[in-house]
Amino acid sequence: MARTEALPETIAGALALGYECSRTPGTPLTSTTAQALLAHVVGRGRAWLFAHSEEPLSPADARRFVDLLERAAAGEPLAHLVGEREFYTLPFTVTPDVLIPRPETESLVDVVLEWVERRDLRAPRIVDVGTGSGAIAVTLAVKLPAAHIAAVEISEPAIRVAQANAARHGVADRVGLVLGSLLDPLAGPFDVIVANLPYINQEEIDALEVGRWEPRVALDGGSDGLRLIAGLLEQAPERLAPGGLLALEIGYDQGPRVVQMCRAAFPGARVTLLPDLAGLDRIVKVETDA
Ligand SMILES: C[S@@+](CC[C@H](N)C(=O)[O-])C[C@H]1O[C@@H](n2cnc3c(N)ncnc32)[C@H](O)[C@@H]1O
């Protein structure tokens, strides 16, 4: 896609250009992504594009669209290009300073919501460790209006994104964002400790596409991928209230090892390994006795 090429003059022309680019062999760009970029540029939904394909596209919008197409073709994630990703049906602001919230993490939110509902806790005390964009903490605050929610994050730029998302969803006064490492800044007790901490083996990160675009601090779990989870398991027993829940997101191949670590940290607790929607081991749930 040379910059000197004629710019599309209509929505139909831009859709055709996006489709053509998506057919380049080996490109990561899909036609759906191209449509999402065009919808973002013109500030409409994707359905609008097809119903208004004869509408003109201004030269400025056409230039912006072509620039975004080029970045998407170079592998930049759609969430970065449009500055947003949906999580649990809520829109979250996303920047290169935070992990892009993943669909598998929605299962972690489900585990917490089901547990709180089953326990019938009116105002559960919850902490989200490694909050990033705030996806987990903000979603829980929206779904559990009486909950007291804290969220810890080690990265200052990330915590600013979480702050923006809490404000965007009207829960800034109910999500206490704290800069710090793991549970260092908070004494508890908490009814729920939930965490999607970095869990990728540090040597693998450079080989992965995510390592190119997402912050290393959000991915790097040390030499075995379990450095942060092990650190949290050292602190969690002191801070989890009796009859509490610890819910952790893990790598698909870390289940047996993390279950073993949780059993050692919480002797006598009920430890369950749960799959994500793709059927891969993804969540370890620890329930302590009341
Ligand atoms: C895998 S990302 C998850 C982000 C978000 N919770 C989500 O599920 O989309 C892990 C987050 O933990 C943060 N983090 C890394 N080390 C940490 C530490 N020692 N204490 C607190 N947060 C940490 C990273 O900056 C990153 O935002």
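**Note on helix packing and an aromatic cluster**

1. Helix α2 (residues 31–42) packs against helix α4 (residues 59–73) with an angle of about 145° and axes 10 Å apart. The axes are lines fitted to C-alpha atoms, for helices over the stretch in contact, and angles run from 0 to 180 degrees between N-to-C directions. Helices (H or I, at least four residues) and strands (E, at least two) are DSSP runs, numbered from the N terminus. The model is predicted: local features need pLDDT of at least 70, side-chain atom pairs count only at pLDDT 80 or more, and totals for chains, interfaces and linings use all residues. Residues are numbered from 1 along each chain as its sequence is written, and side-chain values use heavy atoms, with hydrogens and water left out.

2. The crossing of α2 and α4 is right-handed. A crossing is left-handed if the near helix is turned anticlockwise from the far one by less than a right angle, and right-handed if clockwise. On the α2 side, T33, A34, L37, L38, H40, V41 and V42 meet D61, R64, F65, L68, L69 and A72 of α4. Contact here means heavy atoms within 4.5 Å. By class, this contact of α2 with α4 has nine nonpolar, two polar and two charged residues; Ala, Val, Leu, Ile, Met, Phe, Trp, Tyr, Cys and Pro count as nonpolar, Asp, Glu, Lys and Arg as charged, and the others, Gly among them, as polar.

3. Helix α2 also packs against α1: their axes come within 8 Å and cross at roughly 145°. The crossing of α1 and α2 is right-handed. Here I11, A14, L15, G18, Y19 and S22 of α1 meet S31, A34, Q35, L38 and V42 of α2. The contact of α1 with α2 has seven nonpolar, four polar and no charged residues.

4. Which residues of α2 are buried? They are T33, A34, Q35, A36, L37, L38, A39 and V41, where buried means under 20% relative accessible area, exposed over 50%, and partly exposed in between (1.4 Å probe, protein chains only). Their cover includes α1 (11–22), α3 (46–51), α4 and α5 (78–82).

5. The length of α2 agrees with expectation, because its twelve residues at 1.5 Å a residue should span 16 Å and its end C-alpha atoms are 17 Å apart. The expected span is 1.5 Å times one less than the number of residues. Just after α2, G43 takes a positive phi of about 70°.

6. The count of aromatic pairs comes to two. Rings of Phe, Tyr and Trp (its six-membered ring) pair if their centres lie within 6.5 Å; planes under 30 degrees apart count as stacked, over 60 as edge-to-face and the rest as tilted. F87 and Y88 form a tilted pair, 6.4 Å centre to centre with 45° between the planes. F87 and F92 form an edge-to-face pair, 6.1 Å centre to centre with 80° between the planes. Together, F87, Y88 and F92 form one aromatic cluster. Both F87 and Y88 are buried, and F92 counts as buried because its relative accessibility is 0%.

7. T105 is placed in helix α6 (residues 103–119). T105 counts as buried because its relative accessibility is 4%. Leaving aside neighbours within four places in sequence, T105 is in contact with F87, I136, N196 and E249.

8. Not counting residues up to four places away in sequence, R270 touches K285, V286 and E287.
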